[in-house]
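Let us take this protein chain one question at a time.

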Amino acid sequence: MFKNAKWIGVPKQELQRCNILQGEQNNRFAYFYLDIPLKETGVLKICLSAAARYRMWVNGHSILSGPCKGDRYRQYYDEIMVSKYLRTGTNRIAIQVLACDSYIVNNRMKTGTQPLIAYAGLPLGHRLAVQGGIFNAKEEKIADITTGIADWRVRLEGSYQLEFQEPYLTWFGAIAERIPKTAVPFSWKKAESRIEFQRAEMLEPVLTDDGNAGFGNIGALVMKEREIPLLYETENTFQKELLEQVIPGDILIGKNTRREFILDAGEIKTAFVKYAFSSGKDAKVSFTYAERFMGGQVDVRRDDYINGTLDGMQDEIFLDGTELLYEPFWYRTFRFIKIVIETGDSEVYFRKPYFMETGYPIEVQTWVDSSNSWVKEVWEICVNTLKRCMNETYMDCPYYEQMQFPMDTRLQALYTYICSNDTRLAKKAIKDFHYSIIPDGLVQGKYPCSHTQIISTFSLHYIFMLKEYYIQTGDRETIRRYRPDVDLILDYYDRKIKNGLVENLGYWEFVDWQPEWEAQNGSPEATAYGASTIINLMYSYALSCGADINEETGRCGVAAEYRNRQRNICNAVEKLCWSEKRKLYREGPEFEQYSVHAQAWAVLNKMKEGRLAGELMERALAGTGVVSYSFSTSFELLKALALAGKYELAKSIFKQWQDLKGKGCTTCPEVPVNSRSDCHAWSAQPIYELIHHILGIQIEEPGWKKISIKPDLSFVSDLKGELITPMGVLRFQMEKKQGAIRGEIFVPMGMEASYTDGEGAVIPLNMGERNEIIVDGHHIREESKA
């Protein structure tokens, strides 16, 4: 924790040396180091933070990146202990800091530079704060590393800024580097370096939460303890090389030569890549990162390097003739990396690259298997997708945006709940969205982010997420804390009601990427003419969730109001949007278009139930001229099919995921065909389906205190596995033979559970025991075994 540290920054004389004005520090690096002479080794204990981002090394070995993403009210700090790389003699702690002025991000088109979009802090230039020291075996401090006390040095990178690369970095969170010959040599991270640095400028004291007593003034960069664990960094290697043999070690590349290598990591990774070279002064090296090979209008296999092309964001460096290790500041997302080396008058030694895989340290404890091979294949692809999209926040995708959108995050949280009991990232996401609320009452479309974007429909997903978090955890205090957000959002929608339905929400009314809605950028076409049935039914469902939240937190009167408002919306949709001719809901009162989405939301709002709901969903999927669905909106569709008792219709929908392995996918793409992003977590839907609809587990009481199980093995012959829950591990093995379901279910202690057959017969299951179940359509036998 911080006690007596001060912020340090770049002194005026260093800005003058680089001929850079104060406002031109944006998208540039500053390099800070501290040299520490040691007569004995020990343990480095350090708290640190920076504006906007840092990466830290000890004696040239990478340690950590941070700080955890916050905003102007939450400056997180990181805490770590390091002993592995310390040595007797001179030790160097090196910290590279990126400045990002979030208030001038909109100028990036004019400047040609790429800011760190996924940042929402204050525009304060390069700042670093460190508290800590090195301690010997007796716990005695043998060196103080605290900024404001220790002799930290700094040098500003005046030769380049992060570069904007279209189309890979357009308003997206990723960043790329083109480092010119005149840049600060990479050797600055090591104590042996003789590069000239200035003494860092001492700034104001570091503020902490308990340092704001007095008149209530809130200072800048008030430190907050990190709310999620540190990201992992694990060394890994490439599986193969596509143009030559796997690089065995050093490769000598002759003078005036161009060599190209394409490395395959085997699956999509998020990682800090390390490239080692020696000699080769002025040789140019480029690194192109790609998730897949592209075939233009043809959807080629992801690894088809014969017929496909490899394009993507690119780093570029020039070698200085010394032995160097290049590691990009920001993690890269890739399955494939193309490395092009162009030598000049000197030969180059190129060593085998490797990478430090990074991400949120989720421990996946749930597993699923089946004699139907696609089940395990799809499960693993979906889990890989989820893991790649978990970082300091949830991310829609790790290659492009790298940002946290409420619609995507709501789904990712649901998938996380199935895989692990770790809800910390989901809880932090909820807090992030709370901090993003604008005066109109809506949450931002992505957050943390350096510029404000409002996707009006995404505020509804935030409400869905709040209720689902409560159902998973039973954490009533958290939903009570954010309950006022629900009121703000629902009141915004209420103010937009005209003739019984909400319309003209403003901002971006996104629902799904469909060809029919391309002119509206994914908003239903009906929004151009007035009310949208889909959006009204999403609002109606949010009113139901808001009612549940208020009921669970003691505001029964508000809950009753919300339920009444929900009935009014549903009645208006029924009256104004139902087509007796098509037996479907139109996209708007006077707009003759139909979509699967509207019918699914109608079922979720229980406007059609039982046989009528089933028939509605059949017509929706079989009807001509009905706007289809994508991966992102299959959640509501599959949920509606299960609720309507027509889950067997999901068989054809699942084929989209079953086909992924044959296409060479290792993660789920954003859309099934010709996808831009090849790793998009909103597409990992089978994680949810296999547990909640095929195995058929429904949470009846928050926190998994009570569940019901009603399997649907319509297109799966058997299913087995283990499911982690807040009450413990639930084990299951279900099999369908000749119309009969046989299975065993182990229910953890403290969980009340029941099994329901297809005819509605319900039997209780014993806690802490293995329950054997036989179902033949007419008879259920339950035997408990210790």
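Q: Is Glu 139 buried or exposed?
A: This is a predicted model. The relative accessible area of Glu 139 is 51%. A residue counts as exposed when that value is over 50%. Glu 139 is therefore exposed.

Q: Where does Glu 139 lie, and what is its phi?
A: Glu 139 sits in the loop between strand E8 (127-135) and strand E9 (141-144). Its phi is positive, although the residue is not glycine. The value is near 65 degrees.

Q: Is Tyr 507 buried, exposed or partly exposed?
A: Tyr 507 is in the loop between strand E26 (501-502) and helix H8 (533-552). Its phi is also given as positive, near 60 degrees. Its relative accessible area is 47%. Buried means under 20% and exposed means over 50%, with partly exposed in between. Tyr 507 is therefore partly exposed.

Q: Which residue does a cis peptide bond join to Ala 51?
A: Omega for this bond is about 5 degrees.

Q: What is omega for the cis peptide bond between Gly 66 and Pro 67?
A: Start with the place. Pro 67 lies in the loop between strand E5 (61-66) and strand E6 (75-82). The cis bond joins Pro 67 to Gly 66, with omega about -10 degrees.

Q: How many helices and strands are in the protein chain?
A: Count each kind of element separately. The chain holds 14 helices and 39 strands.

Q: Why is the chain called as compact as a globular protein of that length?
A: The globule rule gives 28 Å for 786 residues. The chain's own value is close to that, so it is as compact as a globular protein of that length. Its radius of gyration is 28 Å.

Q: What percentage of the 786 residues is buried?
A: A residue is buried when its relative accessible area is under 20%. In this chain, buried residues make up 61%.

Q: How far apart are the centres of the positive and negative side chains?
A: The chain has 94 positive side chains and 104 negative ones.

Q: Which feature does UniProt place at residues 366-688?
A: Over this stretch the chain is 50% helix and 7% strand. The C-alpha atoms at its ends are 12 Å apart. The unreviewed UniProt entry names the feature "domain: Alpha-L-rhamnosidase six-hairpin glycosidase".

Key: Residues numbered from 1 in each chain as written. Predicted model: local features only at pLDDT ≥ 70, side-chain atom pairs only at ≥ 80, totals over all residues. Heavy atoms only, no water. UniProt positions renumbered as here; feature names shortened; annotations may be inferred. Helix = DSSP H or I, 4+ residues; strand = E, 2+ residues; numbered from the N terminus. Rg over C-alpha atoms; globule rule 2.2 N^0.38 Å. Buried < 20%, exposed > 50% of the residue type's maximum accessible area, 1.4 Å probe, protein only. Lys, Arg positive; Asp, Glu negative; His and termini not counted. Charge placed at Lys NZ, Arg CZ, Asp CG, Glu CD.
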